[in-house]
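Please open the model in your viewer and keep the selection panel at hand. The tour below moves from one selection to the next and says what is to be found at each stop.

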Amino acid sequence: MSVGARVRSQLAKRAPRLEEAVVRANWRRHNRDRAFDAASIADPVQRRLVDDLQRDGVAVGTFEELIDDVALWDAAAAEARRLHAAWRPEEAEEGSKASFLTKLATREFDAGDPFVRIALHPAVLNVANGYLELRSTLRALELWHTRPTPGSAIQTQLWHRDADDVMNVKLFVYFTDVQVPAGPLTYAPRTHPIGDRRTVPEHDEHRRSRDDQMARIVPKGEWRILAGPPGTVVFADTCGYHKQLKPESDERVKLVAHYVSYVPPSLELRGVDESALSDDQYYAVFDRGRA
């Protein structure tokens, strides 16, 4: 083990917040060539979403106020309806994530796909990049379908946090009415990497926590249950604690786009016109700047 690794190990045990700050400083230094100045964002909606993300780790808006492109929304909503209508139940192991979540679209997309156009929209990238303070890479793009199942909460229906990157942003766009019966995303504010509630709750061997365990860190009355109608847009740093509220009776269809700094993408975009991309879009697609 290197001296640096030994130091970080001791910091993690004795001063976890300081250790996180050291890791984050190193991460920023590593990504300095792709730095993004959040102060450059002039649009008030984008600015509010970035500010909310920085404060709470989660921010909510609407497709109309953020992107304001009726034709793009109609195309994306139609594609979501088509893929949902084509879905047929498949057998899944009881207790597995696949028992309640299906990815209706994932991994491979044409560059002109409406989902891709949303994920690479300048307003969306401004929010993700403004929060991360770097030009991010679009790691993944998926259309999720979740549905009710019998039994207790399992898997990602329990509190957890992601470890894909030092910080990250996920964009969620709702194509169905996601109220409590459909199992909205639920977030514990200020548990994100730059928040002030980084205490790790009691958890099981998979590092997942029950409601009573999370309530000792963030009171239940402060949890954000992110319900909303079609067109709701949610940004979240999922390195903070979150879960899907267990669906009671309704289904949920939503787009999920994942923005990171250095994690290898699990996404293939076909037919990309490099010359038509902005610098931010180029980073998002190719994980590097133009030569």
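A residue is called buried when its relative accessible area is under 20%, exposed when it is over 50%, and partly exposed in between, using a 1.4 Å probe and protein chains only. The model is a predicted one, in which local features need pLDDT of at least 70 and side-chain atom pairs count only at pLDDT 80 or more, while totals for chains, interfaces and linings use all residues. Residues are numbered from 1 along each chain as its sequence is written, and side-chain values use heavy atoms, with hydrogens and water left out.

Select Trp-73 and Phe-175, both of which are buried. Rings of Phe, Tyr and Trp (its six-membered ring) pair if their centres lie within 6.5 Å, and planes under 30 degrees apart count as stacked, over 60 as edge-to-face and the rest as tilted. By this rule there are five aromatic pairs, one of which is the stacked pair of Trp-73 and Phe-175, at 5.2 Å centre to centre and with 25° between the planes. Trp-73 belongs to helix α5 (residues 70–86), whereas Phe-175 sits in the loop between β5 and β6, 102 residues apart; helices (H or I, at least four residues) and strands (E, at least two) are DSSP runs, numbered from the N terminus.

Phe-115 has a relative accessible area of 1%, and with Phe-63 included, ring pairs link Phe-63, Trp-73, Phe-115 and Phe-175 into a cluster.

Next, select Asp-165, in the loop between β4 (137–146) and β5 (169–174). Asp-165 is buried yet has no salt bridge, and the nearest side chain of opposite charge, Arg-34, is 8.1 Å away; a salt bridge would need a side-chain nitrogen of Lys or Arg within 4 Å of a carboxyl oxygen of Asp or Glu. A polar atom of the Asp-165 side chain does, however, lie 2.6 Å from the backbone nitrogen of Ser-261.

Asn-31 counts as buried, at 4% relative accessibility.

Finish at helix α7 (residues 122–132), where ten of the eleven residues are buried, so the helix is largely enclosed by the rest of the structure. Just after α7, Glu-133 takes a positive phi of about 60°.

Note on methods
Lys and Arg count as positive and Asp and Glu as negative; His and the chain ends are not counted. A polar contact is a pair of N or O atoms within 3.5 Å; within protein, one must be able to donate a hydrogen and the other to accept it, and residues adjacent in sequence count only if both atoms are side-chain atoms.
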